[in-house]
Amino acid sequence: MDKQIAITGTGAVSGLGYTVQEHIQNILAGKMPRNTITMEQYGFDPSLSPRSFRARDLTEGPITTICSIPRTNEEFAEAHGIKKPSRLGRFHLLAFHVAQEALKQACMDGGSTEHEIGCFFATGGSGIVEEMPGNAVLSQGKRLDPFAIIRFLPGMLSGIIAQMCGLTGPGGVSASGCTAGSYSVVEGAEAIKSGRIQFALCGGSEAPIARLSVAGFCGAGVLSNESRPFHKNRSGLVLSEGAGVLMLQDASSVSSTVPTLARLAGYGNVISLPRGEAITDLSPQSVAQVARQALTMAGIQADDVGCAHTHST
């Protein structure tokens, strides 16, 4: 019989709040995490090419709305006792913040002394985006600081978080774009089911609010100043930053002093894009296929599902 996976800790940070509880409260209160920006904030002269930073609907004007986190890197570092935040990228700091919340809730914040805890994190490429200013340094004939490569490589995310949290189990980094965080959860669950470990810290962290990513998403025609994902007149998405994490555990090993918040019953995965179709096209058949995989693993029927929460990019 397959091992059951319990969720014993959660962590979240975004423009909606710094903890899971703050997110719940602000969502129920209908709060919208929006900050107004200008193109000049990205070192961009709008008189040179005003179309570069325009919304998907060109009549909407330039992008002026993002969902950023007010707290600075230095403030995150001070809150967690990190002495040299300049050695880390913003996506590292966001990941460490949510990891601390989840580990504390699961009563594992003292570090992994008795059990190995896996560390599986994900990012779409925040390190590369954050380090683009380094091009200006190189163009001036200057040398990059020795920690630039650590901030740059997305693949070091899990290793850095594991080191900062004192975790000693297996790990890995997923970089599959919008689905990357889900992949990290599946990786952790599979590691537990295989018997390699009993605990896994799994999540994703993204800090894409930089000149290159804003211009790139505008160039792809997907950014908007209004986020209405299922509206018939939706015009795109609002660029955001944040991180989220789950603490997974072999359900049979959960202590009576640690509450089980939920169980990970099933998941699915499919890559299916017909030749010649646009890369953004997703067939209804693919969605149905991956849903059936998850339902079959969970041993339930579609009518048993009480809520369907979808990614709305």
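This is a predicted model: local features need pLDDT of at least 70, side-chain atom pairs count only at pLDDT 80 or more; totals for chains, interfaces and linings use all residues.

How many aromatic pairs does the structure hold? The structure holds one. Rings of Phe, Tyr and Trp (its six-membered ring) pair if their centres lie within 6.5 Å; planes under 30 degrees apart count as stacked, over 60 as edge-to-face and the rest as tilted. Here the partners are Tyr18 and Phe76, in an edge-to-face arrangement, with 6.1 Å from centre to centre and 65° between the planes. The pair links distant parts of the chain, 58 residues apart: Tyr18 belongs to the loop between strand E1 (5-13) and helix H1 (20-28), and Phe76 to helix H2 (residues 73-80). Helices (H or I, at least four residues) and strands (E, at least two) are DSSP runs, numbered from the N terminus.

Residues are numbered from 1 along each chain as its sequence is written, and side-chain values use heavy atoms, with hydrogens and water left out.

Tyr18 and Phe76 are both buried, that is, under 20% relative accessible area, where exposed is over 50% and partly exposed lies in between (1.4 Å probe, protein chains only). The charged end of Arg71 sits over the ring of Tyr18, 4.0 Å from its centre, and also over the ring of Phe76, 5.2 Å from its centre. The criterion is NZ of Lys or CZ of Arg within 6 Å of the ring centre and within 35 degrees of the ring normal.

Phe76 also takes part in a contact between helices. H2 packs with helix H3 (residues 90-105) at an angle of about 35°, their axes 10 Å apart. Axes are lines fitted to C-alpha atoms, for helices over the stretch in contact, and angles run from 0 to 180 degrees between N-to-C directions. Contact means heavy atoms within 4.5 Å. H2 contributes Asn73, Phe76 and His80; H3 contributes Arg90, Leu93, Leu94, Phe96, His97 and Gln100.

Finally, let us turn to Leu88, in the loop between H2 and H3. Why does Leu88 count as buried? Because its relative accessibility is 13%. Leu88 touches Ile82, Leu93, Arg151, Ile160 and Met164, not counting residues up to four places away in sequence.
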